[in-house]
Amino acid sequence: MTLITSNKELSDLCLELAKSDVVTVDTEFLRDQTYWPKLCLVQLADANNFAAIDVLAPDIDLTPLFDLMKNPDVLKVFHSARQDLEIFCLLMDEVPAPLFDTQLAAMVCGFGDSIGYDNLARKLLNVEIDKSARFADWSKRPLTPKQISYAISDVTHLRDIYAKLRSQIDKSGREHWLAEEMAILEDPETYRQDPDTAWLRLKTRSNDRRYLAILKELGAWREREAQRRNTPRSRVVKDEQLYDIASNRPTNAKELSKTRGVSVDMADGRLGKEILAAVKVAIDLPKDACPKPKERHIPNNGLAAIIDLLRVLLKQCCDEFDVAQKLIANSSDLEKIAADDNANVRALSGWRREVFGDKALRLKKGLIALSIKDGKLVVEDLD
């Protein structure tokens, strides 16, 4: 197997790949010990070439690789691209383009929600992918022949998978379905880690706006500290500690030290001072500047039944069009549609409305019915 470790080898490979219309791409990285992903290996292939680039090789210059990723004449094909693209966006300050994600394409073609690469290779190519090296430490050198072979297999079969999915999409006329999903991946904002929105990932059901303001300030502080130290968020302060601090609203180091997991030394030190400063900023905010609680739809008995019917209809529509349910709507979307005919959800616009949204609204208005005929669920017009 080809392992690229020198600048000349990398330059020669990328010049050769730049002649191709399609290049398949994959990465191996680590993230369990850091905030930012640590890139360890990049695998590339076209119809005639395949190689793994050792990005940890001494003095390696990745400029030729980045130039290839930016080349508008070469389609870059990934499987489940989001994390790979985040890495390139961090290193290049832009997203590789143009793109094709075989996992998204497979969802459009009816292979279920978020199908894995090995399952897709089995279904489309009747090929078994050896995943025994999946959890290897890709930062350790030297890499073993087994690791290199495993890594390169993720791009050599990917080209054939791409060809089959592309053919299916072209025949079905669903290119615009896929384009909507790809637009999200191609947007650099998808990969920006904004500290001021970090609190939205926290799981809280509180409706107390002051509590939410404190949680927002604490979440932003933790995000910046994790980024500065390049360490996982939980190693700065755990979520549970943020909840506790936001609930107790400490105003001094002594009160802060009573928080679970916060030592006296931490409370008296730099981190403690920064935490207390974040809490104070939130406490001093005017109430109308505090975050509003996340909108929740608590279904009553009538809405709950409608949601259940919409869920059945969603499955029937997705089965009919052979498309993954995840692409159309999730449980939250169904709750919003049940409560509001004009809900701001993707299922009520574009191609999703054609597949499901219009039927969902007609079901709510009693214009269609769900019934069973010959052991199969059918949708019947009543108007």
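Biologist: Which element gives the largest share of the lining of the largest pocket?

Modeller: Strand 2 does, with six residues. This is a predicted model, in which local features need pLDDT of at least 70 and side-chain atom pairs count only at pLDDT 80 or more, while totals for chains, interfaces and linings use all residues. Residues are numbered from 1 along each chain as its sequence is written, and side-chain values use heavy atoms, without hydrogens and water.

Biologist: What makes a region a pocket, and what makes a residue part of its lining?

Modeller: On a 1 Å grid over the protein atoms alone, a pocket is an open set of points where a 1.4 Å probe fits, with protein on both sides within 12 Å along at least five of seven lines; lining residues have an atom within 4 Å of a point. The largest pocket has a volume of about 620 Å³, the space filled by probe spheres set on the points. It is lined by 24 residues, and Asp26, Thr27, Glu28, Phe29 and Asp154 are the closest to its centre. Two or more lining residues come from each of strand 2 (22-30), helix 3 (82-92), helix 5 (117-125) and helix 6 (145-172); these elements are DSSP runs numbered from the N terminus, helices (H or I) of at least four residues and strands (E) of at least two.

Biologist: How many residues of each class are in that lining?

Modeller: There are ten nonpolar, six polar and eight charged residues. Ala, Val, Leu, Ile, Met, Phe, Trp, Tyr, Cys and Pro count as nonpolar, Asp, Glu, Lys and Arg as charged, and the others, Gly among them, as polar.

Biologist: Which domains supply at least three residues each to the lining of the second largest pocket?

Modeller: Domain 1 (3-191) and domain 3 (302-381) do, with bounds from an automatic or database domain assignment. The second largest pocket has a volume of about 390 Å³. Leu104, Glu181, Lys326, Leu327 and Arg346 are the closest to its centre among 19 lining residues.

Biologist: What makes the aromatic pair of phenylalanine 100 and tyrosine 162 edge-to-face?

Modeller: Rings of Phe, Tyr and Trp (its six-membered ring) pair if their centres lie within 6.5 Å, with planes under 30 degrees apart stacked, over 60 edge-to-face and the rest tilted. The count comes to five aromatic pairs. For phenylalanine 100 and tyrosine 162 the centres are 4.9 Å apart and the planes at 85°, hence edge-to-face. Phenylalanine 100 in strand 6 (residues 99-101) and tyrosine 162 in helix 6 are 62 residues apart.

Biologist: Why is phenylalanine 100 called buried?

Modeller: Buried means under 20% relative accessible area, exposed over 50%, and partly exposed in between (1.4 Å probe, protein chains only). Phenylalanine 100 has 2%, so it is buried; tyrosine 162, with 12%, is also buried.

Biologist: Why is the pair of tryptophan 138 and tyrosine 150 called stacked?

Modeller: The centres lie 5.8 Å apart and the planes stand at 25°, so the pair is stacked. Tryptophan 138 belongs to the loop between helix 5 and helix 6, and tyrosine 150 to helix 6, so parts twelve residues apart in sequence are tied together. Tryptophan 138 is buried at 2%, as is tyrosine 150 at 7%.

Biologist: How do you know that aspartate 374 is exposed?

Modeller: Its relative accessibility is 80%, so aspartate 374 counts as exposed. Aspartate 374 also has a positive phi of about 55° although it is not a glycine, and its place is the loop between strand 7 (368-373) and strand 8 (376-381).
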